Amino acid sequence: MTAFRRTSAPLLAAALLLPVLAAQAPAHARQSATPTGCAGLGTSPAPALLDVDYESGTPDSGIPGLTTTHASAPDASAVVQPGHLSGYAIQHRVTLDDPGYFSDGAPRSESATDLLPNGTFRPGDAQRYEFSVLLEDWQPYQTGDSASGDIFFQGKYGGGQPPAFYLMTKRNAVAFRSPQLNRQETVVADFRPYVNQWMDFRVDVRWATDSTGCFRVSARLPGQNAYQQVAAFDGVPTWQPSAPADHGYLKWGLYRPSESLLNGDVPTRTVRHDDIRILDLPG
């Protein structure tokens, strides 16, 4: 019995020290058991940081600092009726090989949140991006057309760098792509039944420079009552700018990077956007 008490005392002392040692452990060690990637990303966001609904009837949605198109053509960007379950939406249009539809040296017309403090993201942020899009009178892909696609929503790194992610039409599908990860997933197999109808998209992101990051993409198509997850890149470094950047931001509209009339591509494309929202996610 005496021997048992002698060997038990050190064990008892060590057990009593465990809570103290845990409290003194570095923060990164204590957090190592916390779920990361999409598995640890919450699904109940806080109230919106930014809500762009265009009900002001103006291209900046009544939000000072919201960047509107730099293209000079009068119809490159306009507020139109109706919106997505509302009065107004923003419309962007690009005609190939026409300088009036060029912005920053490329065929595009877009709005952006780069000048809004509540419209930016940085490593460590966990955010949800929601938006509704309508492909207006969209001419479907024909054999021989470019397969590069038309980009209609982007998460961009600051400083004119390549996007962290974007959604695009590619042939007759909608795809989600992360250029730095060199990964791409089809999120709508065939959009042709939904031309001139509103499609809703949601992108959840944990912005991270290491494998704790993730992208999670959901869609709600006409006739569907709830969002359905359609793609996830889990345990990936989502923040990988090609040059130093202190923030990222969102862009929506139309960007046609590799298309031209010489290639026989569709001359004019038009897209509408509405209900663009940025929300913080728990976790």
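Begin with the whole chain on screen: of its contacts (heavy atoms within 4.5 Å) with a separation of 6 or more, 67% are between residues 24 or more positions apart. What you have open is a predicted model, in which local features need pLDDT of at least 70, side-chain atom pairs count only at pLDDT 80 or more, and totals for chains, interfaces and linings use all residues. Residues are numbered from 1 along each chain as its sequence is written, and side-chain values use heavy atoms, with hydrogens and water left out.

Now colour by secondary structure. Of the 283 residues, 48% are buried, meaning under 20% relative accessible area with a 1.4 Å probe, protein chains only.

**Stop one: the largest pocket.** Select His70, Asp104, Glu110, Tyr249 and Lys251, which lie nearest the centre of the largest pocket among its 16 lining residues. A pocket here is an open set of points on a 1 Å grid over the protein atoms alone, where a 1.4 Å probe fits, with protein on both sides within 12 Å along at least five of seven lines; lining residues have an atom within 4 Å of a point. Its volume is about 210 Å³, taken as the space filled by probe spheres set on the points, which are joined across faces, edges and corners. Which strand gives the largest share of the lining? That is E5, with five residues. E5 (106-112) and E15 (248-255) each supply at least two.

**Stop two: strand E15.** Select 248-255: eight of the eight residues in E15 are buried. Gly248, Leu250, Trp252 and Leu254 point one way, while Tyr249, Lys251, Gly253 and Tyr255 point the other. In a regular strand the side chains alternate between the two faces of the sheet.

**Stop three: the partners of E15.** Strands pair if DSSP finds at least two bridges between them.

- E5 pairs with E15 in the antiparallel sense over five bridges, and Ser111 stands opposite Trp252.
- E6 (residues 120-121) is antiparallel to E15 over two bridges, with Phe121 partnering Gly248.
- E8 (residues 150-157) pairs antiparallel with E15 over six bridges; here Tyr157 stands opposite Gly248.

Note on methods:
Helix = DSSP H or I, 4+ residues; strand = E, 2+ residues; numbered from the N terminus. Buried < 20%, exposed > 50% of the residue type's maximum accessible area, 1.4 Å probe, protein only.
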